[in-house]
Amino acid sequence: MLLSSAHLALAQKTTTSQPSQPAIPEATELPGRLPAAASHNSDSVALRQHLRQAAALQAKYKDSDALAQYQQVLKLDPQHYESLWRAAGLSVSIGDRYSDETRKKAYFDAARQYADRALALQPTGGESNYAMALALFSEASLLSARDRLRIFKELRPRVLLATEQRPDLPEAWQLLGRWYYRVAHYNVLEKTFSRIFLGGYPQGATSRKAVDALEHARLLDPTRIQYYYDLARVYKYEGLRHRALALLEAAVKLPTYTSEDLAVNRLCQQLLEPLQRAESRNARLREKLRLRAVGDRKEKKIKN
């Protein structure tokens, strides 16, 4: 197996955060009577109603219901850009909840189809490229090691363009950080395979860039526990245990709104407890060394 290290676990098992909440469209008054020639206006009113309902449902973390509303919008307007990229993100979020790979794949395939359509409308759009990157990243978890390497290479332009075009989108920065860290820790076999069969592996990925991207996501939305968890794991793997400890202590105090939040909270606690025990041992050791040093100085002073 090419992808068997702890770094693969970081790339594949971190929880994907939900997309940023859509802006709720302004309310529009329905006319008392529509003429027969106003069917297009009627569709427009219905479309706005579906968008408002989708936004409200997504704000309540009712992903399946919100996805259904975006699907209704797409029946009225198959080229509605926001509905396409948000439907892609919601499909991934829903698919992530299933343990059954068949259901996962069905949702991830749907996400990729929505993202394809969004990209056709706006090839350089930040949202469309984020949607495609998210779909690809999620799909990679179901593929063979070799296909995952191919996917990680395809991801590079998508995640970079997403953050360039939408620097205010925290989930895009999270995905970029996870990609940076995974590629930065390719092992020898992965690098060799990529060089021979894929024309090389993605360049420019470092742990420092991963930390910066994940920290940027957290700063953009300091309420999302997933960003704390991802960043804390990177710090832990990099040996920066004090930073990981501080993040996790803050993370477990965050409010939880969804079952995913609760699951990540438990993961944070599992990661936090051994770090706290290690910190307590180190603190006792430091105090013991301090007292020994004080005693040595006193003894030296007496002898002099």
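This short talk walks through one predicted model, from the whole chain down to a few single residues.

Residues are numbered from 1 along each chain as its sequence is written, and side-chain values use heavy atoms, with hydrogens and water left out. Because the model is predicted, local features need pLDDT of at least 70 and side-chain atom pairs count only at pLDDT 80 or more, whereas totals for chains, interfaces and linings use all residues.

The protein chain holds 13 helices and zero strands, where helices (H or I, at least four residues) and strands (E, at least two) are DSSP runs numbered from the N terminus. Of its 304 residues, 46% count as buried, buried being under 20% relative accessible area, exposed over 50%, and partly exposed in between, with a 1.4 Å probe and protein chains only. If we take the contacts in the chain with a separation of 6 or more, 66% of them join residues 24 or more positions apart, a contact being heavy atoms within 4.5 Å.

What covers the buried residues of helix H10? Among the covering elements are helix H8 (170–184), helix H11 (225–237) and helix H12 (241–251), and the buried residues of H10 include Ala210, Leu214, Glu215 and Arg218. The 14 residues of H10 (207–220) should span 20 Å at 1.5 Å a residue, and the end C-alpha atoms are 20 Å apart, which agrees; the expected span is 1.5 Å times one less than the number of residues.

Histidine 50, in helix H2 (residues 39–59), is buried, with a relative accessible area of 18%, and, neighbours within four places in sequence aside, is in contact with Gln69, Gln72, Val73 and Leu76. Tyrosine 61 lies in the loop between H2 and helix H3 (63–76), and phi of this tyrosine is near 65 degrees, a positive value in a residue other than glycine. Most residues other than glycine have a negative phi. Finally, aspartate 96, in helix H4 (residues 81–96), is 42 residues from serine 138 in sequence and 8.1 Å from that serine in space, C-alpha to C-alpha.
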